[in-house]
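Trainee: I would like to go through this structure and ask what each label rests on. Please show it first.

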Amino acid sequence: NVPFYLENLSPSFEVQTDVVSGTLQLKGSQAGLSSFVLPENALTVLCEGVTAPGVYNLPVQAIVPAPYEIVSSSPIAIQLTVKRRVP
C-alpha cells in the first residue's frame with residue numbers, strides 16, 4: 001500500500017482516482033530493508049503534462065535510493081480525473 005506522489009501537479013487542479021496506492025517490491029540486504037523507510041515519492045506520477053481538466057492516463061515511476069533495487073512495481077500507469085480546484 002504505497003501511496004502515489006503527484007509530481008508537478010499545478011495547485012489549481014485536484015485529482016480523483018479509484019486507485020489510491022500501488023505496490024513495490026524491493027531487493028536488498030535483510031538488515032538494510034528492516035530499517036528502510038520508503039521515501040514519499042517512491043511511486044511517482046509525473047503530472048507536468050496535465051494542463052487542463054480531463055481524464056489522463058499517466059505513467060507511474062518507481063523511485064528508490066541505492067543500494068536497493070526495484071524487483072517489481074504496480075501499477076505501471078494510473079488513470080486520473082483532473083478537475084479545477086474550487087477556491
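Mentor: What follows is a set of questions about the labels used for this structure, with the values behind them.

Trainee: How do you know how far to trust the coordinates?

Mentor: The model is predicted, and confidence is given as pLDDT, on a scale from 0 to 100. The protein averages 93, and 100% of the residues score at least 70. Helix 1 has the lowest mean, at 86, while strand 5 has the highest, at 96.

Trainee: Why is Thr44 called buried?

Mentor: Buried means under 20% relative accessible area. Thr44 has 1%, so Thr44 counts as buried. The residue lies in strand 4.

Trainee: What does Thr44 touch, leaving aside its neighbours within four places in sequence?

Mentor: Its contacts are Tyr5, Glu7, Pro59, Val60, Gln61 and Ile63.

Trainee: What makes the pair Thr44 and Asn41 a polar contact?

Mentor: The cut-off is 3.5 Å between N or O atoms. The side chain of Thr44 comes to 2.6 Å from the backbone oxygen of Asn41, so the distance is within that limit.

Trainee: Why is Pro65 called partly exposed?

Mentor: The label covers values between the buried limit of 20% and the exposed limit of 50%. Pro65 has a relative accessibility of 37%, so it falls in between. Pro65 sits in the loop between strand 5 (54–62) and strand 6 (69–74).

Trainee: Which residues does Pro65 touch, not counting those up to four places away in sequence?

Mentor: Phe36 and Pro39. Phe36 belongs to another loop, between helix 1 (30–35) and strand 4 (43–46).

Trainee: How far apart are Phe36 and Pro67 in sequence and in space?

Mentor: They are 31 residues apart along the chain, and their C-alpha atoms are 11 Å apart. For Pro65 and Gln79, the sequence separation is 14 residues and the C-alpha distance is 26 Å.

Trainee: Which residues of strand 3 are on the covered face, and which on the uncovered one?

Mentor: Gly22, Leu24 and Leu26 are on the covered face, whereas Ser21, Thr23, Gln25 and Lys27 are on the uncovered one. In a regular strand, side chains alternate between the two faces of the sheet.

Trainee: What makes a group of residues a nonpolar core?

Mentor: The members must be buried nonpolar residues joined through side-chain atoms within 4.5 Å. The largest such core here has 18 residues, and Leu24, Val45, Val50 and Leu58 have the most contacts inside it. Strands 1, 3, 4, 5 and 7 each supply at least two residues of this core. Beyond four places in sequence, Val50 is in contact with Leu9, Phe13, Tyr56, Leu58 and Val82.

Key. Residues numbered from 1 in each chain as written. Predicted model: local features only at pLDDT ≥ 70, side-chain atom pairs only at ≥ 80, totals over all residues. Heavy atoms only, no water. Helix = DSSP H or I, 4+ residues; strand = E, 2+ residues; numbered from the N terminus. Buried < 20%, exposed > 50% of the residue type's maximum accessible area, 1.4 Å probe, protein only. Contact = heavy atoms within 4.5 Å. Polar contact = N/O pair within 3.5 Å; in protein donor to acceptor, adjacent residues only side chain to side chain. pLDDT = per-residue confidence, 0-100.
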